[in-house]
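These are my notebook entries on one structure. I recorded what I looked up, topic by topic.

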Amino acid sequence: MENYNHRQIEDNWKEKWFSDNLYEAVDFSEKPKKYILAELPYPSGKFLHVGHMMRYTVPEIYSRFLRMRGYNVLFPMGWDCFGLPAETFAQKEGITPQEAISKATKDYKDAMMSMGYAIDWNREINTSEPAYYKWTQKMFLVLWKRGLAKQQEMPVWWCEELGVLADEEVLPSKDGKGKISERGGYPVKRKMYRQWVLDIPAYADRLIDDLGKVDYEESVKIAQKNWIGKKDGALVTFNVEGESVEVFTTRPDTLFGVTFLAISPQHPVIEKLKEKISNINDVSEYIEKSKNLTDLEKQTKIKTGVQLIGVYARHPLNSQMTKIPVLVADYILTDYGTGAIMGVPAHDERDYEFAVKYNLEVKKVIEFPQDKNDTPYFTGEGVVINSEEYSGQNSQVCRQDIVKKIESLGLGKGATTYKLRPQIFSRQRYWGEPIPLIYKHDGNIEAVTEENLPVELPVMKDFLVGKDGKSPLEKNMEWNTTIDSEGNPAKRETDTMPTWAGSNWYYMRYIDPHNTVTPADVAKLKYWLPVDLYFGDAGHTTAHLLYSRFWFKVLYDEGIVPIDEPYMYRMSGGMLLGEDGGKMSKSRGNVVNPKDELEKHGADALRTYLAFIGPYEDTYPWNPKGLHACAKLVRTIYNLKTLVSEKADESAETTRILNKTIKNMTEMMDNLKMNTAVSEIMIFTNHIKNLAGIKKETWETFLVLIAPFMPFTAEELWQESNNYSKWQKTNSIHLQMWPKYNEELVIEKITELPVQINGKLRSEVTISDKDNEDTLKQKLLQDERVIKHLGGKEIKKIIYVKDKIVNLIA
């Protein structure tokens, strides 16, 4: 038996494949196109981690399958280089981010080539290269000129060492007092900061309505809608000690059920009325503590609040209600809605819990159904009660009448609000795309002209954020000092763009990566877009999808792209856990080094294992036994070549099983069930390894079937089987057509099986060639005649003569 040397085989074929760009995608091919996209990685280490490999292997196998099915397939790859991960890595290594990225992208590319990923490397991109971010800057200016990029005061997490951080980059400190950064464990605090934001809510309705144009899973569409959080209702103005406080409600019909107002800790009315608040010290202490909570914590923790003693609200329609309590509550978000809510405890679960906790009145204004007894609050529709002249109305009619009333009095109006908020777009950090704006000496802002793009990021060895909170670029006077369009002294914007700026449009650049005139040629975009299937991290399914759809729609409105939805389908991957079932981390000691596994077992074994471990969208623990089994499978298949012979005498059963394997694998891979497709490979391998010989035609058909999973082994055996002494691109197994099956050979055979009980014929049961002894037993136990003749006796033994007869011993 020949020794299987995976290192020698892999080194040989990857050099040939990638030198010839075997997996090239052809613009304007006559073949039908398929654009398969996998999220580009952050190259911030020395090798792909197993999470990357799990995320990319199934999409890559699918792209190979489609190519063999006759499609012109675009499966590209690039590097998402800007942002905190690369900056942190560079700091740790004592080098500049440019040096870190240059090394990391090379290492990541080598790793992907070692895995044999079928990538068109002529389309490789890097979001931190000036030739790329020139277009990111141009797109920002489109947003700015359309009024969609603007500055406003925003609450942010501030870290002196890292600058502004997102919620997901902030963790509770170990002592439970305050917050720390996820990277580095530095102290973090909440502060208001003037930031560039993108007005994504301006596109909220289109982002919802256009979900009808795509084939996302319903769960993905629901997540998009929930993130946007569109609500129809009314804005109502309450008089609080002479100050106006506006609230939004989806149920103006419950206005007479208001028993308290709750406002956010940052609501400006607190400062305006602080002289009237007798417990201002308690209120201030509560506000200070609330600064240490993320928005998610505010929404998920137990709701708390402090009443503003001495301050009350007046009801806008009921002159008798002049003493409505006002509380500050940390679960009310400053930048969501109006920063204030009207509490109607009898008709809202959250309001009810809050009212009970703080002993506030519960007043019913919608009649509870007679059969309702499960909760002490009612959120449905019904007859209005305790609401003066509106009592007796249907609640839906009442809503309309109350809106008309408050509008006539100038105390409110019908309105639509969105949970979606303007997204912070600037960072007070070094490693990001410079924002291409200039501050003139008169305080006005102007855009950098297109001929002066890109505004290149200067190389800086001292790139850490200062304790004053200013961007490192603020210190680089040589870079940030410039002149405006009139030749007067001016200053560059020193904030940079966030990590996700370049990843909003990277899939477009793959289509035309070397274009120096536009981000991508419109004709090429029209040919390749939309992306047919977008694979990515489950954590990016909502926000990233939403933000990049918004960005794309702005480009559509500007005439830069020919369609208004970028992705047709989105599939989110699960997570690969450590062997102990926990999230992989160095502290747990459960991190798998993929480079070691690649060295020990080879790429084909690792690829096959990552496909076989389970459905792409699920989460699994790493299992070394599974990898060993897949390595054994690859070696077994490699050594089966000794059985291949032109003179081999195969049975009709082998032909039938092969056709059935083709059929099953085709259907499974069409449905992205790569794990069960690997099972089919195992089943057929177990069949042919027991044969005296394997026909060359059968063998080569089988090699094509395994090629997407085991590209190196399949190529080696294919070239050897065809006696190709010299490499020619066109002879590669990966450019062969996927085999077709004979319909007649895979038709399910139906048999009426006689059933005996203790030797006497009692019934018949219908079986197919898909049935085994377990499924047969289930059918027998459901057969009425079998149940009758067993008479309650237990089956002691089943004697089954395949396709002939079954005898039950009771």
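Entry 1: I looked up Leu 672 and found it in the loop between helix H20 (652-670) and helix H21 (674-688). Helices here are DSSP runs (H or I) of at least four residues and strands are DSSP runs (E) of at least two, numbered from the N terminus. The model is predicted: local features need pLDDT of at least 70, side-chain atom pairs count only at pLDDT 80 or more, and totals for chains, interfaces and linings use all residues. Residues are numbered from 1 along each chain as its sequence is written, and side-chain values use heavy atoms, with hydrogens and water left out.

Leu 672 is not a glycine, yet its phi is positive, about 60°. I noted the background: most residues other than glycine have a negative phi, and most peptide bonds are trans. Is Leu 672 buried or exposed? Leu 672 is buried, because its relative accessible area is 11%; buried means under 20%, exposed over 50%, and partly exposed in between (1.4 Å probe, protein chains only).

I then turned to Asn 723, in the loop between helix H23 (711-721) and helix H24 (743-746). Its phi is also positive, near 55°, and Asn 723 is not a glycine either. Asn 723 counts as exposed, at 66% relative accessibility.

**Entry 2: cis peptide bonds.** I recorded a cis bond from Leu 453 to Pro 454, with omega near 0°. Pro 454 sits in the loop between strand E19 (445-447) and helix H13 (477-480). The bond from Leu 529 to Pro 530 is cis as well, with omega near 0°. I located Pro 530 in the loop between helix H15 (522-528) and strand E22 (533-537).

**Entry 3: salt bridges.** How many salt bridges does a search of the whole structure find? The search finds 41, a salt bridge being a side-chain nitrogen of Lys or Arg within 4 Å of a carboxyl oxygen of Asp or Glu. In general, side chains of opposite charge can pair when their charged atoms come close.

I examined Asp 27 and Arg 123, whose side chains meet in a salt bridge at 3.0 Å, N to O. The two residues are 96 residues apart: Asp 27 is in the loop between helix H1 (6-19) and strand E1 (33-38), and Arg 123 is in the loop between helix H4 (97-114) and strand E4 (125-126). Asp 27 is partly exposed at 23% relative accessibility, whereas Arg 123 is buried at 6%.

Next I looked up Asp 199 and Lys 150, which form a salt bridge at 3.5 Å, N to O. Asp 199 lies in the loop between strand E9 (187-198) and helix H6 (204-209) and Lys 150 in strand E5 (residues 149-159), so the pair ties together parts that are 49 residues apart in sequence. Asp 199 is buried at 16% relative accessibility, and Lys 150 is partly exposed at 32%.

In the salt bridge of Asp 210 with Lys 553, the closest N and O atoms are 2.5 Å apart. Because Asp 210 is in the loop between H6 and helix H7 (218-228) and Lys 553 is in helix H16 (residues 543-558), this pair ties together parts 343 residues apart in sequence. Both count as buried, Asp 210 at 8% relative accessibility and Lys 553 at 0%. I also noted that Asp 210 and Lys 553 belong to a network of salt bridges with Lys 213, Arg 549, Asp 564 and Glu 565.

**Entry 4: a charged residue without a partner.** I found Arg 509 in helix H14 (residues 506-511). Arg 509 is buried but has no salt bridge, and the nearest side chain of opposite charge, that of Asp 512, is 6.1 Å away. For charge, Lys and Arg count as positive and Asp and Glu as negative, while His and the chain ends are not counted. Leaving out residues up to four places away in sequence, Arg 509 touches several residues, including Tyr 132, Trp 135 and His 514; contact means heavy atoms within 4.5 Å.

**Entry 5: domain 2 and domain 3.** I read the bounds of domain 2 as 136-203 + 423-499 and those of domain 3 as 230-418; such bounds come from an automatic or database domain assignment. Their C-alpha centres lie 36 Å apart. The contact takes eight residues from domain 2 and eight residues from domain 3. Across this interface the rule finds zero salt bridges.
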